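Walk through this structure with me, from the overall fold down to single residues. Keep the 3D view open as you read.

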Amino acid sequence: MKKRFFATLAAILTLAMALTACGAPASNSGSNSDPDAAGDPAGNEPTANIAVVFSTLGDLNFNDWCWDGICQARDELGIAFNYVEAATVSEAATQIDAFASDEIYDLIVVIGSDRGDAMEECAASYPDQKFALIDAGVKTDLDNVVGIRADYPQWQFLSGCLAGIATLRPDDFNLANPDNKVGFVGGADTYTSRAGAAGFLAGAKYVNPDVELSYSIVGSYTDPTTAREIALTMFGSGVDVVSVNCGSSANGVMAAAEESNRYFCSTSPALVSETNQMCISITRFDTFVYKAVEMVLNDTWESGTHIYGIADGACEISFDGVNITIPEDIKSTLEDIKGKIVSGEIEFVDEPNNIDAWAQTYQYNA
């Protein structure tokens, strides 16, 4: 594989100049791959050749985080990478198979939980090709496949705690109303969306047992129009805070929060409302991509699913760019809850339908 890689790479590099910066490119919507997205400007031989299958770059969210991760691997680890954008699962399946059939890549990185089945089917046909799925676990026991994901409920649990407190304190959060409601908008009916929603909504319930919860699915990670309509309905019913896990559809939820004069929680520092942002639920997807590359370079490949949470520094709540004031006593409460999570005192629920039963056991006590 290595000999063919270097011969092919030499031909590839004659097609275009290597990129020297790593800002996210404009969306390419499944067009031809750009083989020169990584190459060492100094002309050094790459340490590995990586292929990446994105969905839609320029989403100011998940895909762009992953782009930062592969660019970091290029800059710090000396890899070269080729990438494509595949907006649909069927397009992704075609692109994954095309990369695998080239037989020149040390690793194929697939971005997005909805592409897992397509990746695993391809991996079974190419046992000598390593594959990494970002943002999902894997179902297969194949030795050439890893899945790297967050502990999804932990991802947004602290943000949910903040929302659950804020909806009870209109004196501190002047966009809140007396209805005591929070909501969540997911992209697709996948485990990723459901578990992220469960974390946020359970967090609200953990600190506020009487809070009313709303949960809805857009049906797409790239449909901000529908997401906006769903969020407007939630806000219209009295919901104070809506959080998301819906890719670029989150732009629609943010717009609805601004129109309704209510609060919005995002999952990306690049998507922050100037007026209505409560917090940012961060998962370090860039780190997940980087870790996958490191496994190949350091010969530490371990197949199966790798899960990282708050204790690993992979999930956190951020107030960067947030213009509202979070009272110090609430920040202290969030730190206390974080300590309980790190110590293992809290077990998490990963399905929204199970939150009420979970809340019978888990309620916050300072």
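Helix H5 is the top contributor to the lining of the second largest cavity, giving 4 residues. This is a predicted model. H5 spans 152-166, and strand S12 (315-318) also supplies at least two residues of that lining. The space they line is about 30 Å³. How many cavities of 30 Å³ or more does a search of the whole structure find? The search finds 2. Rolling a probe the size of a water molecule over the atoms shows where empty space is left.

Now step back to the whole chain. The protein chain has 11 helices and 12 strands. It has 366 residues, and 56% of them count as buried. The chain exposes about 14700 Å². Carbon and sulfur atoms supply 45% of that area.

Next come the open spaces. The largest pocket has a volume of about 410 Å³. It is lined by 28 residues, and those closest to its centre are Ser55, Asn63, Asp114, Tyr221 and Thr222. The lining has 9 nonpolar, 15 polar and 4 charged residues.

The second largest pocket holds about 240 Å³ of space. Its lining has 16 residues, of which Ser113, Ala136, Gly137, Lys139 and Tyr191 are the closest to the centre. Which helix gives the most to this lining? Helix H4 does, with 3 residues. H4 covers 116-125, and H6 also supplies at least two residues. The classes here are 4 nonpolar, 5 polar and 7 charged.

Stay with H6. Lys205 sits in this helix, which runs over residues 191-207. Is Lys205 buried or exposed? Its relative accessibility is 12%, so Lys205 counts as buried. Beyond four places away in sequence, Lys205 touches Val211, Leu213, Ile355, Asp356 and Ala359.

Helix H8 shows how a helix is covered. H8 runs over residues 250-260, and its buried residues are Ala250, Gly252, Val253, Met254, Ala256 and Ala257. The spacing of such a list can be read against helix geometry. An α-helix has 3.6 residues a turn, so residues three or four places apart point the same way. What covers the buried residues of H8? The cover includes strand S6 (181-186), helix H7 (224-236), strand S8 (241-245) and strand S9 (263-266). After H8 comes Asn261, with a positive phi near 60°.

Two loop residues complete the tour. Start with Asn144, in the loop between strand S4 (131-134) and strand S5 (145-150). Asn144 has a relative accessible area of 5%, so it is buried. Its side chain reaches backbone oxygens. A polar atom of the Asn144 side chain lies 3.0 Å from the backbone oxygen of Tyr126. For the backbone oxygen of Gln129, the distance to a polar atom of this side chain is 2.8 Å. Setting aside residues up to four places away in sequence, Asn144 touches Ala123, Tyr126, Pro127, Gln129, Lys130, Phe131 and Trp301. One of these, Ala123, is 21 residues from Asn144 in sequence, with 7.1 Å between the C-alpha atoms.

The other is Arg284, in the loop between strand S10 (277-283) and helix H9 (285-297). Why does Arg284 count as partly exposed? Because its relative accessibility is 29%. Its contacts, leaving out residues up to four places away in sequence, are Trp65, Gly313 and Ala314. Cys66 is 218 residues from Arg284 along the chain, and their C-alpha atoms are separated by 8.7 Å.

Key: Residues are numbered from 1 along each chain as its sequence is written. This is a predicted model: local features need pLDDT of at least 70, side-chain atom pairs count only at pLDDT 80 or more; totals for chains, interfaces and linings use all residues. Side-chain values use heavy atoms; hydrogens and water are left out. Buried means under 20% relative accessible area, exposed over 50%, partly exposed in between (1.4 Å probe, protein chains only). Contact means heavy atoms within 4.5 Å. On a 1 Å grid over the protein atoms alone, a cavity is a set of points where a 1.4 Å probe fits but cannot get out, and a pocket is an open set with protein on both sides within 12 Å along at least five of seven lines; lining residues have an atom within 4 Å of a point. Grid points are joined across faces, edges and corners, and a volume is the space filled by probe spheres set on the points. Ala, Val, Leu, Ile, Met, Phe, Trp, Tyr, Cys and Pro count as nonpolar, Asp, Glu, Lys and Arg as charged, and the others, Gly among them, as polar. Accessible areas come from the Shrake-Rupley method with a 1.4 Å probe; for residues, only the protein chains shown count as cover. A polar contact is a pair of N or O atoms within 3.5 Å; within protein, one must be able to donate a hydrogen and the other to accept it, and residues adjacent in sequence count only if both atoms are side-chain atoms.
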